[in-house]
Amino acid sequence: MKNWKKIVGFMLCLCMTLGLMAGCSSKEEGKEEAGTRAETESDADTDTKTEVQDGGEIVTLTFMRTGTPEVLREIFDPIIASFEEEHPNIKIDMQDLGWADAEKTMQIMASSQTLPDVMYHLPATIFDLADKGLIEDLTPYLDDELKEDMYASLLEAGKYNDKQYMITCGGTTLLYWYNTELFEQAGLDPDNPPSTWEEFLEAAKAIDEKTDAAGVAMYGSPAGGETSFFFESLFASEVGGETWNGERYTYDLEENREAALNTLNFIKEMTQYSQGSVEEFGRFDIRTLLRDGNVGMALDVINMQNQIQDGLDSGKFRVAQLPAGNSGKQISAVNAGGFFIPTNSEHKEEAWTFLRYLMNTDNQKAHSTYGSIPVLQSEAAKYAGNAYYEIVIQSVSDSVSEGITPKANSLWQVTGEQLQLLMMGNQDAETTLDNIIAGHQEIYEE
């Protein structure tokens, strides 16, 4: 009996020992599983743009369009929703950045390699960052369909050193706006607006002398390159072609001196029929002058329509191409901005997929409501039969690309300051041109 009890006790001890060993083994396996899962989750957290879900890898792209957030959200929220539906593996995190903070914020993001995956900005800044190796060359990504659809001057506006760093998605030419009621009061035919500089000055004089309004709105503030673009566009018409040769403005060249002087003298003559105090006016300020009937004509970009839309609809206001200089060509330079992909993006293929989606015809048309000429020919076709847009589209088709250089802002500042002195009557055209050329030369040599 005693032996039997000893055997039973031994068997119980053995079972308990085996059970404890099994339990320890199970706990260790559990710890290993938990450890592996934690390491996986930790690894995933190191890249905040990538998540792993049942359906596979989800990439989140950051997207920033410089401008007024509340307006831009209305434009892009539907586009983003549609894109995410078509591309369930890509999510878009749209971030806001107003113009006032744009330059400083971009420089900080660039220095810390935190630029968003897809962003909108202006060529001078983009090309400056490209010189530092911070912007992706999009030439290998660009497909023939998009290249053939974009207007030539706007495609060219995104190139620097023969590389496509920017895909233009917004821009404007300089257009000629006028008040048909004041035209009639001055004895002018609103159905036949001036098509030459001589006719334009005659119309400005007639409105100035025969109505209570000034002949033409003028802006002399040098800020933002507004007057530089004004001069560049008029010069394009005078010379009949390009205003930038890849290295410098063509009005800085001796062979174009006469054309540049003619352009400056035309600006000076326009000023005598202006609202006065031109140095106090920027381009935005003159829009209310035209809207309120204080001037009969204005040379401004497409954003003018936002101020005078009711008048455009009623026929009180109309738009035409710039009057032609001696070349006989009614052409303008084109000012542009666009999308780019920084080199710090960890998902460049997905970023291009989203950028290319933004450039689809309907999406680009929706985007252009923020204030842009049509960038795509397929987009322009959507306005067939619209008399107003036919003028705008012709202006785009005939345009030349503005100066493409990281030094544009500095060059614009020099030109703007000299043009202001010209319009204020403080110096003549010869002095103005000489000062522009000298100021530009210093910048070219930096």
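Begin by selecting helix H11, residues 285–291, and pick out Arg287, which has its place in that helix; keep in mind throughout the tour that the model on screen is a predicted one.

Next, show the residues around Arg287, leaving aside its neighbours within four places in sequence, and you will find it in contact with Asp300, Val301, Asn303, Met304 and Gln307.

From there, move to the largest pocket by selecting Trp99, Leu122, Gly224, Arg283 and Asn335, which, among the 37 residues of its lining, lie nearest the centre. The space in this pocket comes to about 1,100 Å³. If you then colour strand S7, residues 167–173, you will have marked the element that gives the largest share of the lining, namely 4 residues. Colouring the lining by class instead shows 18 polar residues, 13 nonpolar ones and 6 charged ones.

The last stop is the second largest pocket, where about 400 Å³ of space lies. Select Glu156, Lys159, Trp244, Gly246 and Ile404, the residues nearest the centre of this pocket out of a lining of 20. To see which elements contribute, display helix H6 (152–156), strand S5 (159–160) and strand S13 (400–401), each of which supplies at least two residues of the lining. Coloured by class, the lining of the second largest pocket divides into 8 polar, 7 charged and 5 nonpolar residues.

Conventions: Residues numbered from 1 in each chain as written. Predicted model: local features only at pLDDT ≥ 70, side-chain atom pairs only at ≥ 80, totals over all residues. Heavy atoms only, no water. 1 Å grid on protein atoms, 1.4 Å probe; cavity = no way out; pocket = protein on both sides within 12 Å on 5 of 7 lines; lining within 4 Å. Points joined across faces, edges and corners; volume = space filled by probe spheres on them. Nonpolar A, V, L, I, M, F, W, Y, C, P; charged D, E, K, R; others polar. Contact = heavy atoms within 4.5 Å.
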